Amino acid sequence: MIEIIDVHKSFGRLEILRGINMEVEKNKVHSILGASGSGKSTLLQCINGLESIQQGRISVDGIDVGDKATNLNALRTKIGIVFQQFNVFPHLTTLENITLALKVVMKKTTKEAKEIAVLQLERIGLGDKVDVYPSKLSGGQQQRLAIARALAMSPSYMLFDEITSALDPMLVGEVLDALRGLKENGMTMMIVTHEIRFAKEVSDTVSFLHKGKVIESGPPGDIIDNPREVETIKFLERSLN
Amino acid sequence: MDYTFHWYPAFKLLPKMLVGSITTIEIAFLSMLFGIIIGASLALAKNSDSKILSSFAGAWIEVSRNTPALYQIYMAYFGLGTFGIYVGSFGALLIGITFNNAGYLAETFRGGLRAIPATQMKTARSLGMNYFQAFIYVIFPQLLKTVFHSVTNQTVWAILMTSLGVIVGMNTDLMGVTNELNALSFRTFEYFSLAAVLYYLITKLFLGLAYLLNVKLFRY
Amino acid sequence: MNFVSEFSTNDFLYMLKGLGISISLTLWAVVCGTILGIIFGFIRSGVGALLNFFMGSILDVFRSVPLLIQLILFNALGSILKLGFSPFQVSCIVLSVYTAAYVSEAVRSGILSVPPALLRSARSLGLTYFQTLREIVFPLALRVSFPTWVGITLGVFKDTSLVLWIGIIELLKSSQIIITRTQEPILILSIAGLLYFIVSFGFTRVAKRVEKKWEQYEL
């Protein structure tokens, strides 16, 4: 379980997160909606320690992320994160993108790493692009590569930071399909997204973030179909039109 | 004019000049090897949060770029002697050119680092890599591609700069050999023309190799 | 270590004289070399690929052979042909050609960096070929190649140190002469270094200010 307790985060004088409380249980999908600047991306990056928090506590399976004694590198192998900008390594082939961390971080042998990587690529539908360089892949394929790369580490949790926002509308579908597949296999996920319909379809819980605070949280049926807060209503109206 | 060009004697000295060329290439290669290592360190030092490291690197970079290479060689040759370190002409030449290379390459590396998106480091760290692993496997290879052209240019510069060694007494590199031979017979124009051709060929050969390397390494 | 030095005011003036020669050489080389380089650059960007390659290859020779050898060769040629050039004149000529080779490359890149779309617009408005060249291409190319030109100029200033080999007493040679007498290399070389640094750094600062001024016209 991921526990986020009263988390505050500032960039210099600007306070982005103003007391976030959230819980993500195992095998559940938790979507986070909100306008730009509401702190969604920052929140995700605090969970795996890329960003530090000024107040509060984030714990993953009981481990305090902010504790100086915590081995962040080891923790990060348990948390997979996929970003909006794909961030595939351009100088490595599709296969090498995945085997790199397997060999360097998890100390797998070349043979083991290749087996895992090929399996992940086939599952995500890129089995025929094994030795291709990312420059030859479409945006949707690169994003799926990023997902496969994170999955190859066998994480307990997957965080998705607006992973379809930078894609051509035509390519969004294949990426969302990949996420549906993950949910079916019981992966615990936190999804920051603008795809409201998708969020409603796959989520167990939806939280709406506004100016650094969780304004509303609950089952998708409640939040998306029957929002109570003014800001949530305004946001959904704008987004669904 | 009543001067006859005597090219034949010049050609007879070709073997000696070729041996000298080897020394030239040696010095250029070593100065680039050390220059890259030191230059990369300086780039990291300049970008670091430590004021001491940053200032030190900054001073090195500014001095190497605002004073002549020959001056830097003089400093090594005449200046180090005051501290009891007598380096000789080979040493002074190597130290001078390396010092120069390091400064210029540091700026090149800094520019290259700026060109790599910060998100590459973020992603590598998210996969569990520590800073070193991320730098070696993700950042550095991309840096190499960006700075390749500048590093190649700097190497050509280094090859040509080795000719300055003769001013502090070098007589084993191409320039030094030619100069010594010249002192014996004063066929200045012929001898140095031949040397010029050799330098030109060495430079072009190197650029050809660099081009092949570029194609092989960076086909993505 | 005692700090009483043999170094006198006269020595310092001697070094300044050397600096003056270095600067004077630089000015000659940069003025002549830039004018020549601009001409070559314009020609190279206007003619066909073959002629450009030919010209480029010749100019490239001056960048692929050590400057020291160029000075020696031209000096030797001068006496062979009994041209009667002084070492100073030889240096000016060699440095000018050297500068021109680099400047022509920079100018050519600058010209080619002007978007063809801009030229088409200018011609569509009725400007002639030469008017377009003068009003559109020249100012834009100048702005783009300016930083490179600054680098070339600084390079020439530093390269003037090489002319000591053909007998001119510029800054570095004057320093060497004083060192031979006083045996205080670090002190004197530090002063020389400071002089080089001040001129070089000062020039860079002025250049940066010019660049800043132009930046306000950026889109």
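**Sheets and chain contacts in a predicted model**

In chain A, Ile32(A) stands opposite Ser207(A), a residue of strand 9.

Strands 9 and 10 of chain A form a hairpin, with two residues between them. Lys211(A) lies in the turn and has a positive phi of about 50 degrees.

How many of the six residues of strand 9 of chain A are buried? The count is six of six, and the strand is mostly covered. In a regular strand, side chains alternate between the two faces of the sheet. In strand 9 of chain A, one side carries Thr205(A), Ser207(A) and Leu209(A), while the other carries Val206(A), Phe208(A) and His210(A). Residues on both sides are buried, so both faces of this strand are covered.

These strands belong to an open sheet of six strands in chain A, in the order 6-7-8-3-9-10, with mixed pairing. Strand 6 (79–82) and strand 10 of chain A stand at the edges; each has a single partner strand, so one side of each is left without a neighbour in the sheet. On average, neighbouring strands of this sheet are turned by 15 degrees against each other, direction ignored. Another pair in the order is strand 7 (residues 157–161) and strand 8 (residues 188–192) of chain A, which pair in the parallel sense over five bridges. Phe160(A) stands opposite Ile191(A) in strand 8 of chain A.

Chain A also has an open sheet of four strands, in the order 2-1-4-5, where the pairing is antiparallel. Its edge strands are strand 2 (14–24) and strand 5 (63–64) of chain A, each pairing on one side only. Strand 1 of chain A, residues 2–11, is joined to strand 2 of chain A by eight bridges, and the two run antiparallel. Lys9(A) stands opposite Leu17(A) in strand 2 of chain A.

The next step is from chain A to its neighbours. Chain A gives 20 residues to its contact with chain B, and chain B gives 17. On the chain B side, helix 6 (118–126) and helix 7 (131–161) each supply at least two residues. That side of chain B divides into six nonpolar, eight polar and three charged residues. Chain A and chain C have no contact, and their closest C-alpha atoms lie 26 Å apart.

Which of the two pairs of chains in contact shares the most contacts? The answer is chains B and C. Two packed helices are described by the angle and the distance between their axes. The axes of helix 4 (residues 69–79) of chain B and helix 8 (residues 185–215) of chain C come within 10 Å and cross at roughly 170 degrees. Helix 4 of chain B is therefore roughly antiparallel to helix 8 of chain C. Among the residues making this contact are Tyr71(B) and Phe78(B) from helix 4 of chain B, and Leu189(C) and Tyr196(C) from helix 8 of chain C. By class, this contact of the two helices has nine nonpolar, two polar and no charged residues.

Technical notes: Residues numbered from 1 in each chain as written. Chains lettered and ligands numbered in written order. Predicted model: local features only at pLDDT ≥ 70, side-chain atom pairs only at ≥ 80, totals over all residues. Contact = placed C-beta atoms within 7 Å. Nonpolar A, V, L, I, M, F, W, Y, C, P; charged D, E, K, R; others polar. Pairing = 2+ DSSP bridges. Axes fitted to C-alpha atoms, helices over the stretch in contact; angles between N-to-C directions. Parallel < 35°, antiparallel > 145°, perpendicular 65-115°, else oblique. Buried ≥ 20, exposed ≤ 12 C-beta atoms within 10 Å, placed from the backbone.
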